[in-house]
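Below is a brief report on one model.

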Amino acid sequence: MPFVNIRILEGHSQKRKDEISRRVTDAISEVAELPKEAIWVVFEDVAASDWFVGGTAVGKPKSQ
């Protein structure tokens, strides 16, 4: 059973997460030839202050 863990910046709508989950599930189901019910998708919302790119938290203003 595939388990997909998606880490995403907090603040995305449920509608957006539903669409991402549907598309990921469809793709895995098609490629792996598995029923959609066998595929799990879990979202982890991460605060911008805990997400770093290039050593800088994305939650900090760019001027800092």
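Trp40 sits in strand E2 (residues 40-46). Helices (H or I, at least four residues) and strands (E, at least two) are DSSP runs, numbered from the N terminus. The model is predicted: local features need pLDDT of at least 70, side-chain atom pairs count only at pLDDT 80 or more, and totals for chains, interfaces and linings use all residues. Residues are numbered from 1 along each chain as its sequence is written, and side-chain values use heavy atoms, without hydrogens and water.

Trp40 is partly exposed, at 44% relative accessible area. Buried means under 20%, exposed over 50%, partly exposed in between (1.4 Å probe, protein chains only). Together with Met1, Phe3 and Val42, Trp40 makes a nonpolar surface patch of about 450 Å². Patch residues have over 30% relative accessible area and no salt bridge (a side-chain nitrogen of Lys or Arg within 4 Å of a carboxyl oxygen of Asp or Glu). Like charges are joined within 9 Å, nonpolar side chains (Val, Leu, Ile, Met, Phe, Trp, Tyr) within 5 Å. Areas come from the Shrake-Rupley method with a 1.4 Å probe.

Side chains alternate along E1 (residues 3-9). Val4, Ile6 and Ile8 point to one face and are buried.

E1 and E2 pair in the parallel sense over seven bridges; pairing takes at least two DSSP bridges. Ile6 has Phe43 of E2 as its bridge partner.

## Ser29 in helix H1

Helix H1 holds Ser29. Ser29 counts as buried because its relative accessibility is 14%. Beyond neighbours within four places in sequence, Ser29 contacts (heavy atoms within 4.5 Å) Leu34, Pro35, Lys36 and Ile39.
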